[in-house]
Amino acid sequence: PLSPTKLAAARHLAMPRRGACTHEKVVLRWALSAPFVQRVLDGDEAPLQIATTDRRFHFLNLHRYGRPGQLLCHIWADAEWEEHAELSDRAIVAEVVAALRAIFPPRPPPPRPASE
């Protein structure tokens with residue numbers, strides 16, 4: 001059993017209430033040949049951090065820190081995105097990817113040459 005002092009410290013560090021938001025992280029991985037890696041994550045001018053107006057997320061380009069093809073998404077507790085506690089991992093990743101698509105819309109495929 002924990003001493004009263006340790007138990008009080010553990011309660012102090014615990015979530016303030018059941019279901020409260022916490023700081024979560026999602027690591028996304030792509031093949032090095034993926035267009036997103038080549039267009040956004042790679043290169044000398046690639047950002048270390050990716051800005052977004054979506055206050056739920058903060059993106060860190062792990063590719064620039066030696067983790068090839070990887071991007072870390074912080075999910076901020078103070079963004080009050082309480083629904084994420086009820087979502088599956090797949091649904092959370094879909095929200096994160098949707099935020100990235102808002103920042104970096106997919107490029108349309110190049111036009112096909114006219115057939116003769």
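Here are some questions and answers on how the terms used for this predicted model follow from its atoms.

Residues are numbered from 1 along each chain as its sequence is written, and side-chain values use heavy atoms, with hydrogens and water left out. Because the model is predicted, local features need pLDDT of at least 70 and side-chain atom pairs count only at pLDDT 80 or more, while totals for chains, interfaces and linings use all residues.

Q: What makes up the secondary structure of the chain?
A: There are 3 helices and 4 strands, in the order α-β-α-β-β-β-α along the sequence. Helices (H or I, at least four residues) and strands (E, at least two) are DSSP runs, numbered from the N terminus.

Q: How does the radius of gyration of the chain stand against that of a compact globule?
A: The chain has 20 Å, whereas a compact globule of 116 residues would have a radius near 13 Å. The radius is taken over C-alpha atoms, and the globule rule is 2.2 Å times the number of residues to the power 0.38. The C-alpha atoms fill a box of roughly 85 × 30 × 25 Å along the principal axes.

Q: Why is phenylalanine 57 called buried?
A: Phenylalanine 57 has 4% relative accessibility, so it counts as buried. The cut-offs are under 20% relative accessible area for buried and over 50% for exposed, with partly exposed in between (1.4 Å probe, protein chains only). Phenylalanine 57 lies in strand S3. Leaving aside neighbours within four places in sequence, its contacts (heavy atoms within 4.5 Å) include Cys73, Ile75, Trp81, Val96 and Ala99.

Q: What makes leucine 72 buried?
A: Its relative accessible area is 11%, so leucine 72 falls on the buried side of the cut-off. Leucine 72 belongs to strand S4 and touches, among others, Val26, Phe59 and Leu62. Leucine 72 and valine 26 are 46 residues apart in sequence, yet 5.9 Å apart in space, C-alpha to C-alpha.

Q: How many aromatic pairs does the structure hold, and why is the pair of phenylalanine 57 and phenylalanine 59 called what it is?
A: The structure holds 4 aromatic pairs. The rings of phenylalanine 57 and phenylalanine 59 have centres 6.1 Å apart and planes at 45°, so this pair is tilted. Rings of Phe, Tyr and Trp (its six-membered ring) pair if their centres lie within 6.5 Å; planes under 30 degrees apart are stacked, over 60 edge-to-face, and the rest tilted. Both phenylalanine 57 and phenylalanine 59 are buried.

Q: Why does the pair of phenylalanine 57 and tryptophan 81 get its name?
A: Here the centres are 5.6 Å apart and the planes stand at 85°, so the pair is edge-to-face. It links distant parts of the chain, with phenylalanine 57 in strand S3 (residues 57-60) and tryptophan 81 in the loop between strand S4 (70-75) and helix H3 (89-103), 24 residues apart.

Q: What sits over the ring of tryptophan 81?
A: The charged end of arginine 56 does, 4.5 Å from the ring centre. A charge sits over a ring if NZ of Lys or CZ of Arg is within 6 Å of the ring centre and within 35 degrees of the ring normal.
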